[in-house]
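Please keep the structure in view while I talk.

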Amino acid sequence: MNPIGPDEQARAILRGNDRGGYTVPTAGLYPYQWNWDSAFAAWGFSTFDIDRAWTELETLFTGQWQSGMVPHIVFHRDDPGYFPGPDVWGTKTTPPTSGISQPPVAASLARWIWEADPEAGRERLAGLYPRLLASHRWFMTARVKDGAVCVTHPWESGRDNCPDWDIGMAAVDTSGIGDYQRRDLGHVDASMRPGKADYDRYLAILHFGRESGWNDAEILENGPFLMADPGMTFILLRAHEDLAAIGRALGEDVAEIEHWCQTLRAGADLMWNADLHAYDARDMRSGRFANNLSSAAFLAFYAGLDRPELERRLIRAWNAVRYGIPSADPEEPGFEPRRYWRGPAWPFLNTLIARGLHDRGKVGLAERLRAETAALIRSGGFYEYFDPTDATPCGGKDFTWTAAIWLTWAGRSGKETG
Ligand code: DGY
């Protein structure tokens, strides 16, 4: 039994992963500032240090490119324990960064942080607003095709080895990648991480971007990988709505953002797979569906989209395991309950799914998901992800966003606090 309660443990994890103005997702495995991890860190800090919460977001945006893109990693200081580091990405930016983005949760989390204390946060939020707006505009010009947000690399989706990407990855030529040494396997068991064939392809796609000089138009039109991502689309749609709410409160004209919302709402239809009865990733080069039921499909509720068929699919996948929400379909033969995004449940994603369920009036389901997520964390600790069949903790330990969502959501009921 740990003598200190889970709230205090969660706060200690956030403080322990703080590198001074930014937070690493976990020591060792991820030693830099990651984009969406950092936004969750800010939300977690907001429960006990509001100034530190805003600083986290401000530091993330120091990595923003001229184009508006907020990169998925900001390499504030070098760390040989991670591969691929700044030299491999070769973006030639200050600070050094990766060359792709990540699901843009920042506007939504900035809104939730601000709403908890509107007076205290107004000035900090006003400072961030133009930067958030520029990043959303970048997505709409550099990553949207036919109304769907497309990812140019599985790492951009944040759901690296999800079966969603298998068909797009199969087409990636790895003949020129050369030798390299992975570092992740020194931190986490190989059976919980993406395989070598995946890593070869991750690098081949990276090399294309670097050789193009990180030219967004070239990457979108001719890159080796381009898939419409339901997760990215739903997160950006929700983030647009939250950014528009922020803009209105600040007295800004938000017509451009409202137009983006309409574009993405219409674009979501492109990803509705009638055979799967769910939203599904789609290869934009071939037009083919991934035919995979991933947890990202259930972010539709979070984006305000609702379909009775999707709710039925959610319940079926959920009931096939003991703890929601599996990242891939537990009824498929390729389901791997401990391998990263090919099966495990991810507490931070559960937070977004539950918020969507709650906002759509599915309050009982939202509470079930909170209670199951809390049970995972209570029994296994603040791990990166969990086996949804038996609650085995997986991946990195003392994980920032798991701690953050404990403080803001999973641990917030009369029974869980303390
Ligand atoms: C990794 O290194 O595994 C990350 O997911 C890339 O962002």
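Predicted model: local features only at pLDDT ≥ 70, side-chain atom pairs only at ≥ 80, totals over all residues.

R111, E115, R238, D242 and D359 are linked in a network of salt bridges, where a salt bridge means a side-chain nitrogen of Lys or Arg within 4 Å of a carboxyl oxygen of Asp or Glu. Residues are numbered from 1 along each chain as its sequence is written, and side-chain values use heavy atoms, with hydrogens and water left out.

Over the whole structure, the search finds 35 salt bridges. One of them joins R412 to D7, with the closest N and O atoms 2.8 Å apart. Because R412 lies in the segment after α16 (400-410) and D7 in helix α1 (residues 6-16), this pair ties together parts that are 405 residues apart in sequence; helices here are DSSP runs of H or I with at least four residues, and strands are runs of E with at least two, numbered from the N terminus. R412 is partly exposed at 34% relative accessible area, whereas D7 is buried at 7%, where buried means under 20%, exposed over 50%, and partly exposed in between, using a 1.4 Å probe and protein chains only.

Another pair is R159 and D229, whose side chains meet at 2.8 Å, N to O. R159 sits in the loop between α7 (154-157) and α8 (166-170) and D229 in the loop between β5 (227-228) and α11 (230-249), so parts 70 residues apart in sequence are tied together. R159 is buried, at 2% relative accessibility, and D229 is buried too, at 0%.

What about the cysteines? The structure holds 0 disulfides, a disulfide being a pair of cysteine sulfur atoms within 2.5 Å. For C150, the nearest cysteine sulfur is that of C162, 16 Å away, and C150 is buried at 0% relative accessibility.

Finally, there are 3 cavities of 30 Å³ or more, a cavity being a set of points on a 1 Å grid over the protein atoms alone where a 1.4 Å probe fits but cannot get out.

Methods. 1 Å grid on protein atoms, 1.4 Å probe; cavity = no way out; pocket = protein on both sides within 12 Å on 5 of 7 lines; lining within 4 Å. Points joined across faces, edges and corners; volume = space filled by probe spheres on them.
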